[in-house]
Amino acid sequence: MSTPPRIAISLGASFMGYATHAGFLARLHALGVRPVAVGGSSAGAITAGLYAAGLAQEAIREAVLSPRLYLSFARRTIWIWHQFVNSLRHRHPGFFDPRGAVAHFESVVGTRTIESLSDPRLLIALSDLSNHETLFVRSGSLATAMAASSCVPMLFTPLEFDGRMCTDGGVSHESPVDPWFTDDGIDHIIIHRIVQPPRKPPVLPLHRLMATIAATHAAMNRQILNDRIELARLHGKKLTIIHTNHARPSPLFPGRLRQLYELGDATAQKLFDTELSKNS
């Protein structure tokens with residue numbers, strides 16, 4: 001009897017896509033799929049961090065469906081002062097102060113470190129503004145890494161991680177996988193991406209700003225993803241890319257996160273039925 005492949009799952013960056021990713025992982029978990037490693041950028045980093053921390057699936061579901069999660073990214077913002085005074089003093093200003101998100105994640109996963117997580121191992125991507133490079137983080141504060149990887153440029157002020165000013169991991173790597181190419185303990189890499197269908201141009205200025213950032217991400221990461229496909233082939237790793245398609249979530253309609261969780265669940269079931277069940 002052949003040995004089942006050792007799977008690593010990377011969750012892509014997407015605005016508030018953590019609920020979709022959580023549904024995806026929860027269904028695979030229920031089907032008996034146990035990845036040896038999980039990783040992510042931005043929203044993917046949040047879900048990957050919750051999963052790697054060993055939380056029960058119902059606890060993860062509760063965390064990603066709660067408005068407290070996205071509201072924490074603005075909770076410590078000192079209005080007016082932060083938007084104007086801090087923008088003059090900070091080298092890389094953002095509209096919101098995300099330090100409340102670190103406190104929120106600590107209330108959920110505690111003060112554990114990434115290197116303490118081994119079943120599965122965790123990989124989080126950060127964009128280092130100090131040295132203009134990608135960090136594939138595998139040590140340090142879990143809560144800080146989850147929050148820093150989600151700091152969309154211009155919307156959130158960068159967070160300090162390991163002495164570096166860091167922001168949205170999705171800027172440089174939508175779905176971090178690079179360290180896994182040379183990992184002898186991984187055979188099959190799965191990337192779960194969230195894709196938004198075309199829609200009418202937004203009306204509100206803030207929504208236009210977010211749409212511009214998202215379009216920039218998509219342009220950069222399409223080429224990066226193509227390069228990763230070729231690197232996987234060169235290193236002899238099986239690479240599966242699967243998508244969940246839905247409109248971008250809105251903080252104005254938190255109830256929709258439940259629907260997105262179910263969409264992620266359905267994508268995982270499809271993946272299992274068409275591919276993973278053959279190896280179980």
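**View 1. Tyr-18 and its contacts.** Setting aside neighbours within four places in sequence, Tyr-18 is in contact with Ala-43, Ile-46, Thr-47, Val-64, Leu-69, Tyr-70 and Leu-257, where contact means heavy atoms within 4.5 Å. Tyr-18 and Phe-24 have the most contacts inside the largest nonpolar core, a set of 63 residues. A nonpolar core here is a set of buried Ala, Val, Leu, Ile, Met, Phe, Trp, Tyr and Cys residues joined through side-chain atoms within 4.5 Å. Buried means under 20% relative accessible area, exposed over 50%, and partly exposed in between (1.4 Å probe, protein chains only). A second, separate core has 11 residues, including Leu-123, Val-177, Leu-225 and Ala-232.

A word on the model: it is predicted, so local features need pLDDT of at least 70 and side-chain atom pairs count only at pLDDT 80 or more, while totals for chains, interfaces and linings use all residues. Residues are numbered from 1 along each chain as its sequence is written, and side-chain values use heavy atoms, with hydrogens and water left out.

**View 2. Helix α2, a mostly covered helix.** Helices (H or I, at least four residues) and strands (E, at least two) are DSSP runs, numbered from the N terminus. After α2 comes Gly-54, with a positive phi near 85°.

**View 3. A nonpolar patch on the surface.** Ile-78, Trp-79, Ile-80, Trp-81, Phe-84, Val-85 and Phe-95 make up this patch, with about 740 Å² of accessible area together (Shrake-Rupley method, 1.4 Å probe, only the protein chains shown counting as cover for residues). Patch residues have over 30% relative accessible area and no salt bridge; like charges are joined within 9 Å, and nonpolar side chains (Val, Leu, Ile, Met, Phe, Trp, Tyr) within 5 Å. Look for Trp-81 in helix α5 (residues 81–89); Trp-81 is partly exposed, at 37% relative accessible area.

**View 4. Arg-27 and Asp-265, joined by a salt bridge.** Their side chains meet at 3.1 Å, N to O; a salt bridge is a side-chain nitrogen of Lys or Arg within 4 Å of a carboxyl oxygen of Asp or Glu. Arg-27 sits in helix α1 (residues 18–30) and Asp-265 in helix α9 (residues 256–274), so the pair ties together parts 238 residues apart in sequence. Arg-27 is partly exposed, at 25%, whereas Asp-265 counts as buried, at 16%.
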